[in-house]
Each structure stands twice: as C-alpha cells, then as structure tokens.
Amino acid sequence: WELVKEHIGKDGTVGYRKSMQNYRYVDTIGFICPFLVSYGIKYNKVECIELAIKQITEYEQYGMLENQYVPSHAYKLDNKAPLGLYGWGRGLGWFAIGLIDAWNELPNSNKYKALLEESVVKFAKSIIDFQQSNGSWNWQVGRSECRADSSTTATLGWFMLNASKIKRISKDCLESTDMALNYLMKVTRRNGEVDFS
C-alpha cells in the first residue's frame, strides 16, 4: 500500500512509474486493483477500495474504445487522449484480470459491487465478439489474420470463467471458457511449455 501511494498522481490515480506520471497504462489495472480491494477489505481501509474503483472507472472513461469497449494501451493524463493500440490482446488481459479479480474480492454488500458487475458484463459481451473460432484471442483481437496469443487467451479465459458467476451472462461465458481451454490444451506441450505465449 505504501508503494502504491507513492505512485498516486495529481489526478488521484496511480501511475505505472514515477517517471511516467503523464500517462495511465492499462497494465496498472491488473497490477494494483485486485490488491487494493483485498487489502482495503482486510485492513478496513476504504480509501484503498475507492482508489481501485477510481483507477478502473477513469480508465473506462478515457482509455476505452466506446463502440467496442476494448482498452487502448494507455491514455495521456493532461488531455485524456488515448495512446497506443486499441485491442492489444495482453492489454485486454491486464484490464480483465484487474476488473474480474477486483469484482471477486468485493463482498456482495459493498456499494461498488454492482458498479463493477456492470463493467464485467459489458466487457464480457465485448470480448466474446473477438474470440476466434478455434477458441483463442489474437495478439491484436480485432484482426483475424493476426497470430493467436496464448497469454491473452489464458487471461481472457480466466475472466470468462469468473464472469460466468453472473447469471445473465453465465451460459455465454462458460461456452467461451470451454473454447479457450480447448485452444490452450492444443498449444500446451507435454513438458508444460505453452506455444504462442
């Protein structure tokens, strides 16, 4: 918590590095948000939970492609301009991990649970559209001619498995999870190495 606090910028969100305080990277959602929620609950520090929620919601506001609900790699703090590639598979993975694990950590009674649940539903519906027929997601999810990415597929599969706890999207999420697992089994060698990661 002390380390995270040292990286809070003038806007009240957390920078990736102290030397990069003008930008907010999607990676940070996965790095800190689940931790902040878990720590905040364990030690009764509401400010940690609120920081995690702010980190996610600010990214949703400034770093997402509206029509497709996929993150850009970053956004610039002063003018809120999105930067980098939209649909970078691992960027979706960082967002997915941060969102779903933060949502999982929140008790049902927490006032932010429903807010994050709506984001989970929206993201699940969006990424299902980008899943390839072989069960994978590509390194650039919007381009079917790009190579499949096992890291992206593993993180988004994890997201889908956990999102399946939400009744209204459960069936679609479980189907997506099964497809992702089938793909991952096909690219996992007998010695445990995973190709295309």
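Figure 1. Cys33 counts as buried because its relative accessibility is 0%, where buried means under 20% relative accessible area, exposed over 50% and partly exposed in between (1.4 Å probe, protein chains only). This is a predicted model, in which local features need pLDDT of at least 70 and side-chain atom pairs count only at pLDDT 80 or more, while totals for chains, interfaces and linings use all residues. Residues are numbered from 1 along each chain as its sequence is written, and side-chain values use heavy atoms, with hydrogens and water left out. How many disulfides does the structure hold? It holds zero, a disulfide being a pair of cysteine sulfur atoms within 2.5 Å. For Cys33, the nearest cysteine sulfur is that of Cys48, 11 Å away. Cys146 also counts as buried, at 13% relative accessibility.

**Figure 2. The whole protein, for orientation.** Seven helices and five strands make up the secondary structure; helices (H or I, at least four residues) and strands (E, at least two) are DSSP runs, numbered from the N terminus. Starting at the N terminus, the order of elements is α-β-α-α-β-β-β-β-α-α-α-α. The radius of gyration is 17 Å, close to the 16 Å that the globule rule gives for 197 residues, so the protein is as compact as a globular protein of that length. That radius is taken over C-alpha atoms, and the globule rule is 2.2 Å times the number of residues to the power 0.38. Along the principal axes, the C-alpha trace spans about 45 × 35 × 35 Å. Of the 197 residues, 50% count as buried.

Figure 3. Helix H3 covers residues 46-62, which is 17 residues. From first C-alpha to last it reaches 24 Å, close to the 24 Å expected at 1.5 Å a residue; the expected span is 1.5 Å times one less than the number of residues. Which residues of H3 are buried? They are Cys48, Ile49, Leu51, Ala52, Ile53, Gln55, Ile56, Glu58, Tyr59 and Glu60.

**Figure 4. Phe123 in the largest nonpolar core.** A nonpolar core is a set of buried Ala, Val, Leu, Ile, Met, Phe, Trp, Tyr and Cys residues joined through side-chain atoms within 4.5 Å. The largest one has 47 residues, and Phe123 and Phe159 touch the most other members. H2, H3, H4 (89-105), H5 (113-128), H6 (150-163) and H7 (170-186) each supply at least two residues of this core. Leaving aside neighbours within four places in sequence, Phe123 is in contact (heavy atoms within 4.5 Å) with Tyr69, Pro71, Leu92, Phe95, Ala96, Leu99, Leu156 and Phe159.

**Figure 5. Two loop residues with positive phi.** Most residues other than glycine have a negative phi. Tyr69, which is not a glycine, has a positive phi of about 55°. Look for Tyr69 in the loop between strand E2 (64-65) and strand E3 (70-71); at 5% relative accessibility, Tyr69 counts as buried. Lys80, not a glycine either, has a positive phi of about 60°. Lys80 sits in the loop between strand E4 (74-76) and strand E5 (82-83), and is partly exposed, with a relative accessible area of 27%.

Figure 6. Ser38 is part of helix H2 (residues 27-42). Is Ser38 buried, exposed or partly exposed? Ser38 counts as partly exposed because its relative accessibility is 31%. Between Ser38 and Leu106 there are 68 places in sequence, yet their C-alpha atoms are 7.7 Å apart in space.
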